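Good morning, and thank you for coming.

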Amino acid sequence: MKKLALLGLSVFALTACSTTTLKSSPPKKLNDLKHICIKDSDAPKIPQFTKLIAENLTQRGITSEIKTEVSASCHYALAYSLNTNAEGLISSAKLRLSSINGDYRKSLGETSYWLKGDEEKMRVAKTGLKGQVDTIVNELLKNN
(Lines give C-alpha, C1' and ligand atoms only; values in the text may rest on other atoms or scores of the structure.)
Protein backbone atom coordinates (compact mmCIF):
# COMPACT_ATOMS: atom_id res chain seq x y z
CA MET A 1 0.00 0.00 0.00
CA LYS A 2 2.89 2.34 0.80
CA LYS A 3 4.37 1.67 -2.66
CA LEU A 4 1.05 2.52 -4.31
CA ALA A 5 0.74 5.74 -2.31
CA LEU A 6 4.34 6.67 -3.15
CA LEU A 7 3.71 5.97 -6.84
CA GLY A 8 0.58 8.12 -6.78
CA LEU A 9 2.45 10.96 -5.07
CA SER A 10 5.25 10.73 -7.64
CA VAL A 11 2.81 10.95 -10.54
CA PHE A 12 1.10 13.93 -8.91
CA ALA A 13 4.44 15.69 -8.39
CA LEU A 14 5.48 15.13 -12.01
CA THR A 15 2.14 16.37 -13.28
CA ALA A 16 2.35 19.50 -11.15
CA CYS A 17 5.79 20.32 -12.61
CA SER A 18 4.84 19.80 -16.26
CA THR A 19 3.61 22.71 -18.33
CA THR A 20 0.83 22.88 -20.86
CA THR A 21 1.41 25.89 -23.06
CA LEU A 22 -1.24 25.16 -25.70
CA LYS A 23 -4.91 24.34 -25.54
CA SER A 24 -6.56 23.99 -28.88
CA SER A 25 -9.55 22.90 -30.82
CA PRO A 26 -8.26 23.35 -34.38
CA PRO A 27 -10.66 23.41 -37.30
CA LYS A 28 -11.06 20.34 -39.45
CA LYS A 29 -9.43 20.36 -42.87
CA LEU A 30 -10.79 23.30 -44.86
CA ASN A 31 -10.21 22.65 -48.56
CA ASP A 32 -11.11 26.22 -49.54
CA LEU A 33 -8.85 27.94 -46.98
CA LYS A 34 -6.93 30.11 -49.45
CA HIS A 35 -7.31 33.59 -47.92
CA ILE A 36 -7.78 34.88 -44.36
CA CYS A 37 -8.62 38.36 -43.15
CA ILE A 38 -6.67 39.07 -39.95
CA LYS A 39 -8.47 41.40 -37.56
CA ASP A 40 -6.02 43.77 -35.92
CA SER A 41 -6.50 46.27 -33.14
CA ASP A 42 -6.39 50.04 -33.68
CA ALA A 43 -3.64 50.10 -31.03
CA PRO A 44 -2.03 46.64 -30.99
CA LYS A 45 0.08 45.61 -27.98
CA ILE A 46 2.64 44.08 -30.35
CA PRO A 47 2.53 45.95 -33.69
CA GLN A 48 4.37 43.22 -35.64
CA PHE A 49 2.13 40.40 -34.32
CA THR A 50 -0.31 40.35 -37.25
CA LYS A 51 2.54 40.72 -39.77
CA LEU A 52 4.17 37.60 -38.30
CA ILE A 53 0.84 35.76 -38.58
CA ALA A 54 0.62 36.84 -42.24
CA GLU A 55 4.18 35.56 -42.87
CA ASN A 56 3.28 32.18 -41.40
CA LEU A 57 0.15 31.99 -43.56
CA THR A 58 2.17 32.89 -46.67
CA GLN A 59 4.55 29.99 -45.94
CA ARG A 60 1.46 27.74 -45.90
CA GLY A 61 0.28 29.08 -49.27
CA ILE A 62 -2.54 31.12 -47.70
CA THR A 63 -2.89 34.78 -48.62
CA SER A 64 -4.04 37.28 -46.03
CA GLU A 65 -4.89 40.89 -45.39
CA ILE A 66 -4.73 42.77 -42.12
CA LYS A 67 -7.76 44.90 -41.27
CA THR A 68 -9.08 46.71 -38.21
CA GLU A 69 -12.62 45.87 -39.35
CA VAL A 70 -13.37 42.55 -41.03
CA SER A 71 -16.11 42.89 -43.62
CA ALA A 72 -18.61 40.34 -44.87
CA SER A 73 -16.54 40.05 -48.06
CA CYS A 74 -14.00 37.99 -46.10
CA HIS A 75 -14.85 34.30 -46.09
CA TYR A 76 -12.46 33.48 -43.22
CA ALA A 77 -11.41 35.76 -40.37
CA LEU A 78 -8.71 35.36 -37.74
CA ALA A 79 -9.20 37.32 -34.53
CA TYR A 80 -6.88 37.40 -31.55
CA SER A 81 -6.36 38.62 -28.02
CA LEU A 82 -3.02 38.69 -26.26
CA ASN A 83 -1.09 39.82 -23.23
CA THR A 84 2.60 40.65 -23.14
CA ASN A 85 5.37 40.46 -20.61
CA ALA A 86 8.09 42.99 -19.75
CA GLU A 87 10.33 41.64 -22.54
CA GLY A 88 7.68 42.35 -25.19
CA LEU A 89 6.94 38.67 -25.72
CA ILE A 90 3.54 36.98 -25.59
CA SER A 91 2.62 35.85 -22.09
CA SER A 92 -0.78 34.57 -23.25
CA ALA A 93 -2.73 34.62 -26.49
CA LYS A 94 -5.85 33.25 -28.11
CA LEU A 95 -6.43 32.94 -31.85
CA ARG A 96 -9.86 32.13 -33.27
CA LEU A 97 -10.62 31.24 -36.88
CA SER A 98 -14.17 31.96 -38.03
CA SER A 99 -16.10 31.66 -41.25
CA ILE A 100 -18.20 34.61 -42.38
CA ASN A 101 -21.39 34.34 -44.37
CA GLY A 102 -23.00 37.76 -44.61
CA ASP A 103 -23.68 38.91 -41.04
CA TYR A 104 -23.33 35.37 -39.67
CA ARG A 105 -20.01 34.30 -38.15
CA LYS A 106 -19.24 30.76 -37.10
CA SER A 107 -16.26 29.85 -34.94
CA LEU A 108 -14.31 27.05 -36.61
CA GLY A 109 -11.52 26.60 -34.09
CA GLU A 110 -9.22 28.30 -31.66
CA THR A 111 -5.90 27.95 -29.90
CA SER A 112 -4.86 29.38 -26.54
CA TYR A 113 -1.20 29.79 -25.59
CA TRP A 114 0.49 30.53 -22.27
CA LEU A 115 4.17 31.21 -21.70
CA LYS A 116 5.02 29.25 -18.58
CA GLY A 117 7.62 26.80 -17.45
CA ASP A 118 11.38 27.17 -17.64
CA GLU A 119 11.73 24.93 -20.70
CA GLU A 120 9.25 27.00 -22.72
CA LYS A 121 10.86 30.26 -21.57
CA MET A 122 14.29 29.00 -22.67
CA ARG A 123 12.89 27.99 -26.08
CA VAL A 124 11.25 31.39 -26.52
CA ALA A 125 14.51 33.12 -25.55
CA LYS A 126 16.03 31.44 -28.64
CA THR A 127 13.14 31.79 -31.11
CA GLY A 128 11.69 35.13 -29.99
CA LEU A 129 8.32 36.52 -30.96
CA LYS A 130 8.37 34.86 -34.40
CA GLY A 131 8.82 31.46 -32.77
CA GLN A 132 5.87 32.11 -30.47
CA VAL A 133 3.63 33.22 -33.34
CA ASP A 134 4.66 30.24 -35.49
CA THR A 135 3.89 27.86 -32.60
CA ILE A 136 0.42 29.33 -32.10
CA VAL A 137 -0.55 29.52 -35.79
CA ASN A 138 0.87 26.05 -36.52
CA GLU A 139 -1.24 24.60 -33.72
CA LEU A 140 -4.40 26.36 -34.93
CA LEU A 141 -3.92 25.23 -38.52
CA LYS A 142 -2.35 21.83 -37.92
CA ASN A 143 -5.12 20.08 -39.90
CA ASN A 144 -4.78 22.38 -42.91
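A search of the whole structure finds one aromatic pair; rings of Phe, Tyr and Trp (its six-membered ring) pair if their centres lie within 6.5 Å, and planes under 30 degrees apart count as stacked, over 60 as edge-to-face and the rest as tilted.

This is a predicted model, in which local features need pLDDT of at least 70 and side-chain atom pairs count only at pLDDT 80 or more, while totals for chains, interfaces and linings use all residues. Residues are numbered from 1 along each chain as its sequence is written, and side-chain values use heavy atoms, with hydrogens and water left out.

Let us turn to helix H2, residues 49-59. Helices (H or I, at least four residues) and strands (E, at least two) are DSSP runs, numbered from the N terminus. In H2, Phe49, Thr50, Leu52, Ile53, Ala54, Asn56 and Leu57 are buried; buried means under 20% relative accessible area, exposed over 50%, and partly exposed in between (1.4 Å probe, protein chains only). Just after H2, Gly61 has a positive phi of about 85°.

The largest nonpolar core has 29 residues. Such a core is a set of buried Ala, Val, Leu, Ile, Met, Phe, Trp, Tyr and Cys residues joined through side-chain atoms within 4.5 Å. Ile36, Phe49, Ile53, Ile90 and Leu95 touch the most other members. The largest share of this core, six residues, comes from H3.

Which residues does Ile53 contact, leaving aside its neighbours within four places in sequence? They are Ile38, Leu78, Leu95, Val133 and Val137, where contact means heavy atoms within 4.5 Å.
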